[in-house]
Amino acid sequence: MSEHPASGFWPLGGTSVKSAMAIILIDMQIDFCAPGGWIDQLGEDVSNTRAVIPPISQALAAARTAGIAVIHTREGHLSDLSDLHANKQWRTRVHGLGIGDMGAMGRILVRGEPGWQIIPELAPEAEELVVDKPGKSAFHQTDLEAELRNLGISRLVITGVTSDCCVQSTMRDGFERGFECVLLEDCTAAVETPNHLATLEILKAFGGRWGGVSCLAAFQTMLEHTDV
């Protein structure tokens with residue numbers, strides 16, 4: 001039996017209604033996932049964040065086929081950095097190249113710059129919601145919660161990077177706002193493998209304090225058996 005049975009995909013159970021679901025792709029941007037991006041310029045390995053591009057692409061295709069809502073997020077700041085507090089900028093500069101600094105692909109995590117763009121493999125389609133966020137959580141200083149409530153969405157399938165930062169921040173904030181969240185563990189990654197594994201262990205503990213942890217195959221199966 002699979003570790004992630006589709007029948008138990010949603011922690012609260014009940015009928016899976018497509019119009020109440022959304023998949024969210026967190027920060028699949030060049031700066032985090034591509035050679036030449038910010039992470040790469042810091043001298044860190046992007047192989048982990050790139051490894052999840054194929055499974056996320058499969059999850060995205062399944063979501064589009066099923067007709068559920070698709071949401072993309074981009075972490076980034078205004079060009080004048082008025083939405084970047086000093087603590088966040090200082091913490092990123094500790095690593096040698098901070099937010100707002102000029103890098104090889106434009107200013108780091110500044111909206112409109114080449115490195116801030118979503119990778120072409122997972123480019124949004126015209127009707128899909130794109131949320132620009134200045135913080136780690138997709139709910140922080142954004143209209144995401146209002147958008148979800150306006151669409152009647154109460155269930156979130158979470159994918160993207162990085163698991164130990166923006167992904168878990170979004171999942172925790174989603175839970176606090178009453179959204180039923182499920183993380184696809186094979187569709188998320190951290191730059192450092194130990195951090196990723198530790199994050200998953202925390203999120204899975206006690207059956208999941210902030211939601212469920214499942215996988216791509218169970219997500220696909222759940223969608224195939226959802227006809228409402």
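**View 1. The structure holds four aromatic pairs.** Rings of Phe, Tyr and Trp (its six-membered ring) pair if their centres lie within 6.5 Å; planes under 30 degrees apart count as stacked, over 60 as edge-to-face and the rest as tilted. One of the pairs joins phenylalanine 9 and phenylalanine 219. This pair is tilted, at 6.0 Å centre to centre and 35 degrees between the planes. Phenylalanine 9 sits in the segment before strand S1 (21-26), and phenylalanine 219 in helix H9 (residues 216-224), 210 residues apart. Helices (H or I, at least four residues) and strands (E, at least two) are DSSP runs, numbered from the N terminus. Both phenylalanine 9 and phenylalanine 219 are buried. Buried means under 20% relative accessible area, exposed over 50%, partly exposed in between (1.4 Å probe, protein chains only). Ring pairs also link Phe9, Trp10 and Phe219 into a cluster.

This is a predicted model: local features need pLDDT of at least 70, side-chain atom pairs count only at pLDDT 80 or more, and totals for chains, interfaces and linings use all residues. Residues are numbered from 1 along each chain as its sequence is written, and side-chain values use heavy atoms, with hydrogens and water left out.

**View 2. Phenylalanine 139 and phenylalanine 179 are both buried.** Their ring centres are 5.9 Å apart and their planes at 25 degrees, so the pair is stacked. Phenylalanine 139 lies in the loop between strand S5 (129-133) and helix H6 (144-151), and phenylalanine 179 in the loop between H7 and S7, so the pair ties together parts 40 residues apart in sequence.

**View 3. Arginine 172 lies over the face of tryptophan 210.** The distance from the ring centre is 4.0 Å. A charge sits over a ring if NZ of Lys or CZ of Arg is within 6 Å of the ring centre and within 35 degrees of the ring normal.

**View 4. The buried residues of helix H8 are His196, Thr199, Leu200 and Leu203.** They cover an arc of only 100 degrees around the axis, which puts them on the same side of H8. The arc is that of the directions from the helix axis to the C-beta atoms. On the other side of H8, Pro194, Leu197 and Glu201 are exposed. The buried residues pack against helix H7 (163-176), strand S7 (180-189) and strand S8 (212-214). Phenylalanine 206 follows H8, with a positive phi near 55 degrees.

**View 5. Threonine 159 is in strand S6 (residues 155-161).** At 0% relative accessibility, threonine 159 counts as buried. Leaving aside neighbours within four places in sequence, its contacts (heavy atoms within 4.5 Å) include Ile23, Ile56, Val167 and Cys187.
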